[in-house]
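The notes follow the order in which I looked.

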Amino acid sequence: MSREGALLVMLAVALLLIGLTFWGWRRRVRRDSGLAAPLGSPPAGAEVLARFSGLYVATTAHDTALERLAVRGLGFRAKADLLITDAGVALDAQGGAPVFIDRRRLVSAQQATVTIDRVVERDGLARLSWYIDDDMVVDSYFRPQDASARAVAAALDAILPHPTSTGTDV
């Protein structure tokens with residue numbers, strides 16, 4: 001095969017892979033179109049309890065760490081600030097609208113090691129489980145930059161409607 005022929009084959013394979021990736025993401029977006037992140041900021045007068053900088057990693061179906069959800073505001077990994085208030089949790093990811101999760105929607109806060117496209121040292125991620133709608137629980141993962149995931153999980157655990165002990169999960 002000539003050099004030009006090999007180049008054309010490689011280009012065709014690359015275009016096919018890009019096309020399949022685009023097709024797969026579009027199917028995922030269609031599948032998750034009924035889900036909506038609670039966009040907004042903390043209510044005026046909410047007391048800030050903790051602030052963490054780091055990396056928002058993903059939101060997945062509950063207890064399904066490898067099933068990313070394509071929800072507007074939560075679909076992509078980004079640098080983010082996590083603000084924990086007495087009213088709930090605010091996630092301000094770069095390039096996206098701020099998301100505010102009311103504390104009544106919160107289910108649990110734990111540490112984790114694995115989620116889609118991210119494996120870290122044991123318990124290096126903070127995992128927040130919460131209701132995205134009335135009957136579906138999701139898990140959002142945060143990788144803190146200047147604090148431990150244990151500190152983030154403990155701060156989240158402190159505002160849960162029914163506090164649980166901060167555990168670990170893989």
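Which residues have the most contacts inside the largest nonpolar core? Before answering, I noted that this is a predicted model, in which local features need pLDDT of at least 70 and side-chain atom pairs count only at pLDDT 80 or more, while totals for chains, interfaces and linings use all residues. Residues are numbered from 1 along each chain as its sequence is written, and side-chain values use heavy atoms, with hydrogens and water left out.

**Cores.** I took a nonpolar core as a set of buried Ala, Val, Leu, Ile, Met, Phe, Trp, Tyr and Cys residues joined through side-chain atoms within 4.5 Å, with buried meaning under 20% relative accessible area for a 1.4 Å probe and protein chains only. The largest core has 30 residues, and F52, L74, L91, L106, L128 and W130 have the most contacts inside it. Among the elements that give two or more residues to this core are strand 1 (48–61), strand 2 (78–85), strand 5 (106–112) and helix 2 (149–157); helices (H or I, at least four residues) and strands (E, at least two) are DSSP runs numbered from the N terminus. I then found a second, separate core of eight residues, which includes A65, V120, L125 and Y141.

**F52.** Taking contact as heavy atoms within 4.5 Å and leaving aside neighbours within four places in sequence, I listed the partners of F52, which include A80, L82, I84, F142, A151 and A155.

Grid points are joined across faces, edges and corners, and a volume is the space filled by probe spheres set on the points. The largest cavity has a volume of about 120 Å³. Of its 13 lining residues, L82, L91, L128, S140 and F142 are the closest to its centre. Strand 9 gives the largest share of this lining, three residues. By class I counted twelve nonpolar, one polar and no charged residues there, with Ala, Val, Leu, Ile, Met, Phe, Trp, Tyr, Cys and Pro as nonpolar, Asp, Glu, Lys and Arg as charged, and the others, Gly among them, as polar.

Strand 3 (residues 88–93) and strand 4 (residues 99–102) pair in the antiparallel sense over four bridges, where pairing needs at least two DSSP bridges. These strands form a hairpin with five residues between them, and G95 in the turn has a positive phi of about 85 degrees.

How values were computed. On a 1 Å grid over the protein atoms alone, a cavity is a set of points where a 1.4 Å probe fits but cannot get out, and a pocket is an open set with protein on both sides within 12 Å along at least five of seven lines; lining residues have an atom within 4 Å of a point. Buried means under 20% relative accessible area, exposed over 50%, partly exposed in between (1.4 Å probe, protein chains only).
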